[in-house]
Amino acid sequence: MRRALIGIAAWCGCVRAVAAPFAATVLPPPAAPGAAVQPYVRVPAGHVALAHVRLVDGTGGPPRDDMTVILDGPRIAAVQPAAAPVPAGVEVLDMSGRTVLPGLIGLHDHMYYIGRPDLDAQGRSEPPLVVPQMTFTSPRLYLAAGVTTLRTTGSVEPYTDLNLKAQIDAGQLPGPHMDVTGPYLEGANSPFIQMHQLKDAEDARRTVAFWADQGATSFKAYMNITRAELGAAIAEAHRRGLKLTGHLCSVTYPEAAALGIDDLEHGFFVNTQDDPGKEPDHCSAGTGTPTLAGMAPGSPAATALIADLVRHHVAVTSTLPVFEQQVALHAPLQPRVMEVLTPEAREAYLYARNARATRPNPQFEQAFRNDLGLERQFVAAGGLLLAGPDPTGNGGVVPGFGDQREVELLVEAGFTPVEAIRIATLNGATFLGLADRIGTVAPGKDADLVVVKGDPASRIADIEQVEITFRDGVGYDSAKLIASVKGRYGEY
C-alpha cells in the first residue's frame, strides 16, 4: 500500500492551482431530478443508510467489512461499523454482499464515437473520418458504470458538451459531473475534418481564451500542434487558472514538460522522442510506438524520462483499454458491449477486431508490455497516475464499461485492486483539485458512490457489477440506464 500512496504524497501541495470557480462549476449545488431523470432513480436523496457493505474507500487502504455508510441528502453523514446504531429517521437498506466504492473519476472520457464510412472487412473506408456526437448514450453509460465525474478530454462539439453539462446539472438529463474540455488544440494536417487547425501561437492563445470565456474548464492539445502553439495555449490556460493536457506526437514528452503541460494522455504510448525520423514540431510516422517499444521499464532512458515528468509535476493518464484493442485478442469480447452498439457499429468493431487477430503487431505488443511497467515505475517514482479508457479507437471501448476495464487493466499492470481503484478515484480528484469533495468515501464528502455486487478488492472483475450509482446522494439504477441505450451507441 505504501507504493500506492507515493504519488498522492508527492503531489500534495504541488498541484497547480485551479481557478476559484472550477469546483463550483464542475460540482455545482445539486438539483432535484426532473421528469426525464426520475425513471432512472432507484434511491431518492434523503436520510439513507447503506448497511452491511464492504467498504473500499478510495484511499488505497484495506477494505473494511460489514460497514454502514449513512447519507444525508447530497453528503456522506457517517461511515461506521454495521453494529453501531443508525439515527432515527434514517432509511436502512440492507446491502449485504455488496461493496461501496467512491464514484469513478474518468479523466479520458468522450461524448462521441468515431465513424468510418463504408468500412469493409479489409479495413478500407472512404474519407472523411467523421466523429458523431453521442449526447444521449454516453452520459447514461458513464453513470450506469459508476462514473460520477469525468473530463471530456477533447471535444468535437464543445457547445453541445457545455449544454449537456448544464442540463445534467439542472436535473434535466441523467449523467455525471463534467469537466468540459474545449475543442482540440490541433495543428496542421489533422486527419479529423471536424477539428480547427491552428494557424500559429496567437491562434492557439485566442482559442483557449475564447472557449474559457464560453465555460470550458480544461483544454487538450493534439497530435500536430507545434511547440510554439502549445506553449501559448498552456500560458493562456494557466493565466486563467485552468489546466491543459495533451495527446501529443509532434511535441515530445520532455518538450511538453519543459513548456509546463499539466498532464499527458495515453500513458507512455505517444511519446515520440526516440522515433526514427522524428523532426521538431512534426508528428512521426511511428506516433510513439518505436520509442515505447525500445524503452524498457527500469532502463536509463525510462528512469530519466520519469524523473523529468515527476520534477515538473506532470500527471500521466493511463488509457489502457484503447491500446489493448491493438493487441491481438487481448480484449475480451463482452456481450454487454455488443448489446449497446448499433448493428453498424458492432459490424465495424468486429471487422477491426478480426483484422488485428489475423495480423498481430509484435512491436506494438512489446510497447504495450513496456507501458504497463512504465506506469508502475512512474507511480513508484512519485508520479500522479490518472485513469480513463478513451472510448475511441476501433470501437470496442464503450463509455463507462471502458472506465471499468481501465481499472481491471491497472491490476494486470501490477497494481493491487485497491491501488487501481485509488488511481481511478482519489488520484483523479487530487489532479482536479477536488479531493476535499470527491474521490474517497468519508464523512462530509459528496455522496458520489458506487454500489457493486461482489468484492472487487479481491476479484477486480466484480467492478463491472454496478447496481446503483449515487451522484449527489441520488441513487441511479444501473440496469435501467443501460437498457435505455441498448442498440443505440454509435447512433446518438
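Modeller: A cavity is a set of grid points where a 1.4 Å probe fits but cannot get out, and its lining residues are those with an atom within 4 Å of such a point. Please keep in mind throughout that this is a predicted model.

Biologist: Which residues lie nearest the centre of the largest cavity?

Modeller: A search of the whole structure finds five cavities of 30 Å³ or more, and the largest cavity has a volume of about 170 Å³. Among the contributors to its lining, α10, α11 and α14 each supply at least two residues. The lining of the largest cavity has 17 residues, and those nearest its centre are Gln-325, Pro-332, Val-337, Gly-396 and Arg-405.

Biologist: How many residues in the lining of the second largest cavity are charged?

Modeller: The second largest cavity has a volume of about 70 Å³, and eleven residues line it, with Phe-22, Asp-179, Thr-217, Lys-243 and Leu-432 nearest its centre. Sorted by class, its lining has five nonpolar residues and three polar ones, while the number of charged residues is three.

Biologist: Turning to the pockets, which helix supplies the largest share of the lining of the largest pocket?

Modeller: The largest pocket has a volume of about 1,100 Å³ and is lined by 48 residues, among them Ile-114, Arg-116, Thr-392, Gly-393 and Asn-394, which lie nearest its centre. By class, its lining divides into 24 nonpolar, 15 polar and nine charged residues. Both α10 and α12 supply at least two residues of this lining, but the largest share, eight residues, comes from α12.

Biologist: How far apart are the end C-alpha atoms of α12, and what span should one expect for it?

Modeller: The helix α12 has 16 residues. At 1.5 Å a residue these should span 22 Å, which agrees with the distance between its end C-alpha atoms, namely 23 Å.

Biologist: Against which helix do the buried residues of α12 pack?

Modeller: The residues Ala-345, Ala-348, Tyr-349, Arg-353 and Ala-355 are buried in α12. They cover an arc of only 160° around the axis, so they lie on the same side of α12. On the other side of α12, Pro-343 and Thr-358 are exposed, whereas the buried residues pack against α11.

Biologist: Which residues are exposed on the face of α9 turned away from its buried side?

Modeller: The buried residues of α9 are Ala-302, Leu-305, Ile-306, Asp-308 and Leu-309. These cover an arc of only 155° around the axis, which puts them on the same side of α9. That buried set packs against α7, β12, β13 and α13, while the face turned away from the buried side carries Pro-300 and Arg-311.

Biologist: What is the phi of Asn-189?

Modeller: Most residues other than glycine have a negative phi, which gives us the background for this answer. Asn-189 has its place in the loop between β9 and α5, and because its relative accessibility is 68%, it counts as exposed, the cut-off for exposed being over 50%. Although Asn-189 is not a glycine, its phi is positive, at about 70°.

Biologist: Where is Asp-118 found?

Modeller: Asp-118, too, has a positive phi, near 60°, in a residue other than glycine. Asp-118 is exposed, with a relative accessible area of 56%, and it is found in the loop between β7 and α3.

Biologist: How far apart in space are Gly-277 and Met-295, C-alpha to C-alpha?

Modeller: Gly-277 has its place in the loop between β12 and α8, where it is exposed, with a relative accessible area of 66%. Gly-277 and Met-295 are 18 residues apart in sequence, and their C-alpha to C-alpha distance in space is 17 Å.

Key:
Residues numbered from 1 in each chain as written. Predicted model: local features only at pLDDT ≥ 70, side-chain atom pairs only at ≥ 80, totals over all residues. Heavy atoms only, no water. 1 Å grid on protein atoms, 1.4 Å probe; cavity = no way out; pocket = protein on both sides within 12 Å on 5 of 7 lines; lining within 4 Å. Points joined across faces, edges and corners; volume = space filled by probe spheres on them. Helix = DSSP H or I, 4+ residues; strand = E, 2+ residues; numbered from the N terminus. Nonpolar A, V, L, I, M, F, W, Y, C, P; charged D, E, K, R; others polar. Expected span 1.5 Å × (residues − 1). Buried < 20%, exposed > 50% of the residue type's maximum accessible area, 1.4 Å probe, protein only. Arc of directions from axis to C-beta. Contact = heavy atoms within 4.5 Å.
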